Amino acid sequence: MQVRMLDAAGVKKHAAQLRALLLDAVAHGASVGFVMPLPDAVADAYWADVADAVESGSRIVLVAWREHVLVGTVQLDLCMKPNGSNRAEVQKLLVHSGARRGGVASVLMEALEMQALALRRGLLFLDTEAGSDAEALYQRLGYTRVGELPEYCATPGGAWRATAIYYKTLFVRERKGLRSA
């Protein structure tokens, strides 16, 4: 498996595969912000917005390829506020239904954390559907569950579910009252 970071041109170049990955994830129940039916135009507009965020420098997109097939992706949304330069949000961890349980998600998250470290983003946070299989993955990867918000999001089928909030500290900027660079 090969993991690569896409620039804005790469997101646009691979938009059809990214759309297919998103459609597959939603069709198989992933609660990632969309409900069924998910029209191609809506998925395409989403990836165009992602390309714009990558172009602006506020988003990192990583993709996983296995034998020239796009099998997964994850995004790191960088807080651009002056008081938030230490944090980033993990978004849209998607693994194709045919590649699940094969280590793709773990490899993508490891690569994402390396990118976060390189950018001096020591605090990562995310949300996921409470009770979903993703919770076990994030806990296995060392993320701490803070709690949940009831009826926060709808599943692709339209059922309202709670979302679980997680964080992971990669490094701490302040120790014993001393600030680090």
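A nonpolar core is a set of buried Ala, Val, Leu, Ile, Met, Phe, Trp, Tyr and Cys residues joined through side-chain atoms within 4.5 Å. With that in mind, and remembering that this is a predicted model, begin by selecting Met 109 and Tyr 143, the residues with the most contacts inside the largest such core, which has 29 residues. Next, colour the elements that give two or more residues to this core, namely strands E2 (59-66), E3 (69-78), E4 (87-95) and E5 (123-129), helix H4 (104-118), H5 and E7; the largest share, 7 residues, comes from H4.

Now centre the view on Tyr 143, which counts as buried because its relative accessibility is 4%. Leaving aside neighbours within four places in sequence, Tyr 143 is in contact with residues including Val 90, Met 109, Glu 113, Leu 124 and Lys 168.

From there, turn to the aromatic pairs, of which there are 4. Tyr 138 and Tyr 143 make an edge-to-face pair, with 5.9 Å from centre to centre and 65 degrees between the planes. Because Tyr 138 lies in helix H5 (residues 133-140) and Tyr 166 in strand E7 (residues 160-169), the pair ties together parts that are 28 residues apart in sequence. Tyr 138, at 7% relative accessibility, counts as buried, and so does Tyr 166, at 0%.

Finally, select Phe 34, Tyr 46 and Trp 47, which form one aromatic cluster.

Technical notes:
Residues are numbered from 1 along each chain as its sequence is written. This is a predicted model: local features need pLDDT of at least 70, side-chain atom pairs count only at pLDDT 80 or more; totals for chains, interfaces and linings use all residues. Side-chain values use heavy atoms; hydrogens and water are left out. Rings of Phe, Tyr and Trp (its six-membered ring) pair if their centres lie within 6.5 Å; planes under 30 degrees apart count as stacked, over 60 as edge-to-face and the rest as tilted. Buried means under 20% relative accessible area, exposed over 50%, partly exposed in between (1.4 Å probe, protein chains only). Helices (H or I, at least four residues) and strands (E, at least two) are DSSP runs, numbered from the N terminus. Contact means heavy atoms within 4.5 Å.
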